Amino acid sequence: MGDSSKRRRLLDEIGNSPSFVAPGSRITGDFETEGALVMCGAVRGDGKVGGALRMSVESSWEGEVHAQFGIIAGRIVGKLVIEDRLEIGSSAVVQADVSARSIALAKGAVIQGAVTVTSGE
């Protein structure tokens, strides 16, 4: 059979269940979650995400956002601070100052603001 420690169950890799902001949902005010967040709606306010922030094409966030990881396909206005890796998709519009350890930017993505890569710090 082999070493089972090398093969982890998918549930073990996912960790805790993510929080969801459903399509059509609008949240006004500060937002905080200990784990991952899947965004398909809109938030207006500051946010702290303890895990990965995944924003769909339809999603938007106005405010200062902090997260461990980020995969952005929607729109952000304000400030985006990612502790580790940030991926900005081709449909993303980021009108914000961006800071991350590493940044992958797809062709077609828009960033209007200062960009800081912290991997050398």
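Serine 56 sits in a loop, between β6 (47–55) and β7 (60–72). The model is predicted.

**Serine 56**
- Serine 56 counts as buried because its relative accessible area is 18%, and the cut-off for buried is under 20%.
- Its side chain makes a polar contact of 2.9 Å with the side chain of glutamate 58.
- Beyond its neighbours within four places in sequence, serine 56 contacts Met39, Cys40, Ala73 and Gly74.

**Nonpolar core**
- The largest nonpolar core holds 23 residues.
- Leu53, Trp61 and Ile72 have the most contacts inside this core.
- Two or more core residues come from each of these elements: β4 (37–39), β6, β7, β8 (75–82), β9 (85–88) and β10 (93–100).

**Threonine 33**
- Threonine 33 belongs to strand β3, residues 31–33.
- Threonine 33 is buried, because its relative accessibility is 13% and the limit is under 20%.
- The side chains of threonine 33 and serine 19 are joined by a polar contact of 3.1 Å.
- Not counting residues up to four places away in sequence, threonine 33 touches Ser19, Lys48, Val49 and Gly50.

Note on methods. Residues numbered from 1 in each chain as written. Predicted model: local features only at pLDDT ≥ 70, side-chain atom pairs only at ≥ 80, totals over all residues. Heavy atoms only, no water. Helix = DSSP H or I, 4+ residues; strand = E, 2+ residues; numbered from the N terminus. Buried < 20%, exposed > 50% of the residue type's maximum accessible area, 1.4 Å probe, protein only. Polar contact = N/O pair within 3.5 Å; in protein donor to acceptor, adjacent residues only side chain to side chain. Contact = heavy atoms within 4.5 Å. Core = buried A, V, L, I, M, F, W, Y, C linked by side-chain atoms within 4.5 Å.
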